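Here is a short briefing on one protein model. Keep the sequence and the 3D view open while reading.

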Amino acid sequence: MLLRNACLRRPAFTFEPALPTFYLMAIYPARVNERFRSPRHAGRIRAANGVGTAASFECGCFVRISLAVETASKLIRSAGFQTNGCGFMAAIADLIAEILAGANLTELHALDENEFDRAVRDSFGPLPAERMQCVDVVLEAARAALADHRSYLIEEFRGEKALICTCFGISEETVEAFISAKQLRTVEDVTAACRAGAGCGSCRMLIQEMIDQIQA
Ligand code: FES
């Protein structure tokens, strides 16, 4: 309850703690406090070509992740975050921005939850169970930013065949052919067969829809 109150009292887009230092130190674990007070990726990326927002129904706070991705190499040049959330949310958002900045879209493994949970634990130690929802909200915002980037690429795309997986340049036609020929039933099967879905993961929902349609 205390955390939630502290969270709601803070104005949007600020990282100046609204509460005295000794009070924050009592609320947040030391490593969370440290990163929350000195974030490395706070703010919106100016040349962003992927922006995603997610909000918590529990505390009402939101996180926005912005990415600047180099189209040809698929390298995420920079990543930033904005939030009106608590110190946990800000620290976790800063961590994911750090993980994303410098990563290649093709190596993100659809932002594997277990990998990210491990990274959070390694950086901050175990979080209180009630703050795990901050992790979910941050991941959702990151996924939305990757999906936004994918939409941006699809809009820019001038090729003849509709693209499904922009990370690996795999067309709808190819995915369809694999699903039908090999009787594939899951997104993981499709990924194993032709790599579609193995990068940022933002095409996985579409692949699932294609499987559902073809195998109906
Ligand atoms: S669009 Fe990134 S994995 Fe398919």
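Two strands count as paired if DSSP finds at least two bridges between them. In this predicted model, S2 and S3 pair in the antiparallel sense over eight bridges. The protein has nine helices and five strands. Along the sequence they follow the pattern α-α-α-β-β-β-α-α-α-β-β-α-α-α.

**The three-stranded sheet**

- The sheet is open, with the order S1-S2-S3 and antiparallel pairing.
- S1 and S3 (75-83) are the edge strands, each pairing on one side only.
- Neighbouring strands are turned by 15° against each other on average, ignoring direction.
- S1 (residues 50-55) pairs with S2 (residues 62-70) over six bridges, in the antiparallel sense.
- Ala-55 stands opposite Phe-62 of S2.
- Six residues lie between the strands in the hairpin of S1 and S2, and Gly-60 there takes a positive phi near 80°.

**Helices across the sheet**

- Helix H4 lies across S2 and S3 and runs at about 170° to S3.
- Helix H6 (residues 132-156) lies across S1 and S2, at about 150° to S1.

**The nonpolar core**

- In soluble globular proteins, nonpolar side chains tend to be buried together.
- Here the largest nonpolar core has 56 residues.
- Ile-65, Met-89, Ile-92, Ala-93, Val-138 and Val-175 have the most contacts inside this core.
- Helix H4 (residues 87-100) gives the most to this core, with ten residues.
- Domain 1 (2-155) and domain 2 (162-214) each supply at least three residues to this core.
- Which residue of S3 is the bridge partner of Ile-65? It is Phe-81.
- Setting aside neighbours within four places in sequence, Ile-65 is in contact with residues including Gly-52, Phe-81, Ala-93 and Ala-141.

**Helix H9, one side in and one side out**

- The buried residues of H9 (residues 204-214) are Arg-204, Ile-207 and Met-210.
- These residues lie on the same side of H9, because they cover an arc of only 115° around the axis.
- An α-helix has 3.6 residues a turn, so residues three or four places apart point the same way.
- Glu-209, Asp-212 and Gln-213 are exposed on the other side of H9.
- Strand S4 (163-165), helix H7 (172-182) and helix H8 (187-194) are among what covers the buried residues of H9.

**Whole-chain figures**

- Of the 216 residues in the protein, 39% are buried.
- Among contacts between residues at least 6 apart in sequence, 63% join residues at least 24 apart.

Note on methods
Residues are numbered from 1 along each chain as its sequence is written. This is a predicted model: local features need pLDDT of at least 70, side-chain atom pairs count only at pLDDT 80 or more; totals for chains, interfaces and linings use all residues. Helices (H or I, at least four residues) and strands (E, at least two) are DSSP runs, numbered from the N terminus. A residue is buried if 20 or more other C-beta atoms lie within 10 Å of its own, exposed if 12 or fewer, and partly exposed in between; C-beta atoms are placed from the backbone. The arc is that of the directions from the helix axis to the C-beta atoms. Two residues are in contact if their C-beta atoms, placed from the backbone, lie within 7 Å. A nonpolar core is a set of buried Ala, Val, Leu, Ile, Met, Phe, Trp, Tyr and Cys residues joined through C-beta atoms within 7 Å. Domain bounds come from an automatic or database domain assignment. Axes are lines fitted to C-alpha atoms, for helices over the stretch in contact, and angles run from 0 to 180 degrees between N-to-C directions.
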